[in-house]
Amino acid sequence: MKKPRGMIIIDAERCKGCCLCCDACPEGILFLNDAAINSKGYQSAAITDMAQCIACCYCALVCPDVAISVKRLSL
């Protein structure tokens with residue numbers, strides 16, 4: 001059985017850099033991007049390797065700012 005795949009979409013302008021998504025990700029592919037600051041002065045979350053996303057949606061579920069959505073990709 002193939003591993004499910006997903007695509008994480010982060011709205012950097014909504015993200016406040018709380019890093020709850022980073023902690024919730026079982027694959028460990030989310031991190032705070034210190035190279036990019038949004039218009040409110042926050043670092044936003046970013047993805048290291050989208051190919052490793054298993055579309056579990058934990059990141060979107062824990063995000064208090066509703067800054068993350070996840071799309072499941074067909075195999």
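This report describes the cavities, the salt bridge, the cysteines and a strand pair of a predicted model.

## Basis of the model

Residues are numbered from 1 along each chain as its sequence is written, and side-chain values use heavy atoms, with hydrogens and water left out. The model is predicted, and local features need pLDDT of at least 70, side-chain atom pairs count only at pLDDT 80 or more, and totals for chains, interfaces and linings use all residues.

A search of the whole structure finds 2 cavities of 30 Å³ or more. A cavity here is a set of points, on a 1 Å grid over the protein atoms alone, where a 1.4 Å probe fits but cannot get out; lining residues have an atom within 4 Å of a point. Grid points are joined across faces, edges and corners, and a volume is the space filled by probe spheres set on the points.

The largest cavity has a volume of about 80 Å³. Its lining comprises 13 residues, of which Ile8, Cys25, Cys53, Ile54 and Cys56 lie nearest the centre. By class, this lining divides into 11 nonpolar, 1 polar and 1 charged; Ala, Val, Leu, Ile, Met, Phe, Trp, Tyr, Cys and Pro count as nonpolar, Asp, Glu, Lys and Arg as charged, and the others, Gly among them, as polar. The second largest cavity holds about 50 Å³ of space. Its lining is formed by Cys15, Lys16, Cys18, Cys19, Cys21, Ala45, Cys63, Asp65 and Ile68, with 7 nonpolar, no polar and 2 charged residues.

## The salt bridge

The whole structure contains 1 salt bridge, defined as a side-chain nitrogen of Lys or Arg within 4 Å of a carboxyl oxygen of Asp or Glu. The partners are lysine 16 and aspartate 65, whose closest N and O atoms are 3.7 Å apart. Lysine 16 lies in the loop between β1 (5-10) and α1 (20-24) and aspartate 65 in the loop between α2 (58-62) and β4 (68-73), so the pair ties together parts that are 49 residues apart in sequence. Helices (H or I, at least four residues) and strands (E, at least two) are DSSP runs, numbered from the N terminus.

Lysine 16 is partly exposed, at 43% relative accessible area, whereas aspartate 65 is buried at 15%. Buried means under 20% relative accessible area, exposed over 50%, and partly exposed in between (1.4 Å probe, protein chains only).

The structure holds 0 disulfides, a disulfide being a pair of cysteine sulfur atoms within 2.5 Å. For cysteine 18, the closest cysteine sulfur is that of cysteine 63, at 6.0 Å, too far for a bond. Cysteine 59 is likewise in no disulfide, and the nearest cysteine sulfur, in cysteine 56, is 6.2 Å away. Cysteine 18 is partly exposed, with a relative accessible area of 41%, while cysteine 59 is buried at 6%.

Strands β2 (residues 30-37) and β3 (residues 43-47) run antiparallel and are joined by 5 bridges; two strands pair if DSSP finds at least two bridges between them. Phenylalanine 31 stands opposite alanine 46 in β3, and leucine 32 has alanine 45 as its bridge partner. Alanine 45 also lines the second largest cavity.

The two strands form a hairpin with 5 residues between them, and glycine 41 in the turn has a positive phi of about 90°. Asparagine 38 is placed in the loop between β2 and β3 and is buried, with a relative accessible area of 8%. The C-alpha atoms of asparagine 38 and valine 62, 24 residues apart along the chain, are separated by 20 Å.

How values were computed
On a 1 Å grid over the protein atoms alone, a cavity is a set of points where a 1.4 Å probe fits but cannot get out, and a pocket is an open set with protein on both sides within 12 Å along at least five of seven lines; lining residues have an atom within 4 Å of a point.
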